[in-house]
Amino acid sequence: MTERRRERPDDYFADWKEREALAEGMIPLIGKLYRNNNVKTYIYGKNLVNLSVLDIMQAHRFVRQVEQNELSEFETFPVIQALATLELGTAHIDAGRIAVAYEEQGKPAGKSVEEFVRSQVSDLIGGTVEPVRPPRDVVLYGFGRIGRLMARLLIEKSGGGENLRLRAVVVRPGGAENDLVKRASLLRRDSVHGPFQGTIRVDEERQSFVANGVEVKVIYAASPTEVDYTQYGINDAIVVDNTGKWRDAEGLAVHLTCPGVSKVILTAPGKGDMKNIVHGVNSDLISDDDTIISAASCTTNAIAPPLKVLDDRFGVEGGHVETVHSYTNDQNLIDNYHKGDRRGRSAPLNMVISETGAAKAVGKVLPQLLGKLSGNAIRVPTPNVSLAILKLNLKTETNKDELNEFMRKVALHSPLRKQIDYSNSPEVVSSDFVGSRHACVFDSEATIVNGKSAILYCWYDNEFGYSCQVHRVLEQMAGVTYSIYPEE
């Protein structure tokens, strides 16, 4: 990537207002591409769909911070404008990368923006192939922290073409008389992740809620065997089991006995021979024949991507993983009995040493690291966002600058850029990563390297970032694929 610097504006405020107007002008074009063509536009991996003016401007700022490239709205607006004039097939298009490529290749060659953009997406023009048809039904079994965040994601992504349709959530019976209203309220308001972006109405007569036009049935059942999904018009559905009640293939197979269900995804580490999938790392193992898979744990998803690239580049002899993990619903608010060691002590008042199977589970995802890593966890009094500390013994000597630069390039330019994000700020803290859609965020300022010994710090939103990874697994299991432009 060539460094480019804009000349300092004479009037910062006037420059801001110009760029603000351009960002505002992008919004209807981005919306048109999304709703009419099912084309999602990005700025260096940052999704622009349904963003505000300021969010779009911040996406440009991100490029300046980590790419040393003064990409601005002046360069990206003409690209998005040109894309909006074309009849495109379904795809993910990174307008930021195309804009930079034009400045480096197209403009020197004398091409107009329109000509260059057309050349970059030439085989997409006139395309009519959709990622998957007919739309695939999805059922959320369990509606807790992960279940509700999965619902938000599925509803958010339904606007550009119904590739995955959230049709129902299944919850235990025996709630209050206004159970449906209360569950809809928990989806609408979240103390950590903020309000739902859109509208939610409750239809008690139809026993459903409607979120941004998506009607979701609420089914009450004590066991999967009680549910016939075809009675609700649900067929060939993928069930996302968020309860953690069943962790092996035999237990989860009970879902497959339900009429209308064809596949199951577990949002917890799977036991036995079940495939544990971290999207981007070993998701190539997903086959059309798979009916039950695990999306592993939030911590496994956080550490497997950086461990993979570090092992590929430097080699990993062994090491230790310590996760500083936010407390979870499994712990007690105040001291009380708990079958687990130490977890009976008040979660908001204590740091609690606990166990994590993530280091061992990495061996299921990256077999070459099986038995090479130990791990432990410290539960801390924060409600969300955790930190994985990787103390690694490498096969190849390196230094902090070289390792950080390698991770920066991985985060921006590799196939794992949806899994690994990059931070170069010395001021970030855990709350800054609430809502991160990556499996982890590499904190370059905290890196310590001494020859073959390296200590790396990776933040992760253990709720939403993990849910995004589950959603990626869900898309792949459903056969939803997107062409990506520019090509990797």
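## Exercises on strands and helices

In this model, Asp 203 stands opposite Ser 208 in E7. The model is predicted, with local features needing pLDDT of at least 70 and side-chain atom pairs pLDDT 80 or more, while totals for chains, interfaces and linings use all residues. Residues are numbered from 1 along each chain as its sequence is written, and side-chain values use heavy atoms, leaving out hydrogens and water.

**Exercise 1.** In which sense do strands E6 and E7 pair?

*Solution.* Start with the strands, which are DSSP runs (E, at least two residues; helices are H or I, at least four), numbered from the N terminus. E6 covers residues 200-203 and E7 residues 208-211. They pair in the antiparallel sense over 4 bridges (pairing needs at least two DSSP bridges). Now look at the hairpin: 4 residues lie between the strands, and Gln 207 has a positive phi near 50°.

**Exercise 2.** How do helices H3 and H4 cross?

*Solution.* First take the axes, lines fitted to C-alpha atoms over the stretch in contact, with angles from 0 to 180 degrees between N-to-C directions. The axes of H3 (73-84) and H4 (95-106) come within 9 Å and cross at roughly 110°. The helices are therefore roughly perpendicular (65 to 115 degrees; under 35 is roughly parallel, over 145 roughly antiparallel, the rest oblique). Next, find the contact (heavy atoms within 4.5 Å): H3 brings Glu 75, Thr 76, Val 79 and Ile 80, and H4 brings Ala 95, Gly 96, Ile 98, Ala 99 and Glu 103.

**Exercise 3.** Which residue of E14 stands opposite Glu 322?

*Solution.* Begin with E12 (316-326) and E14 (373-380), paired in the parallel sense over 8 bridges. Then follow Glu 322 across to Asn 376 in E14.
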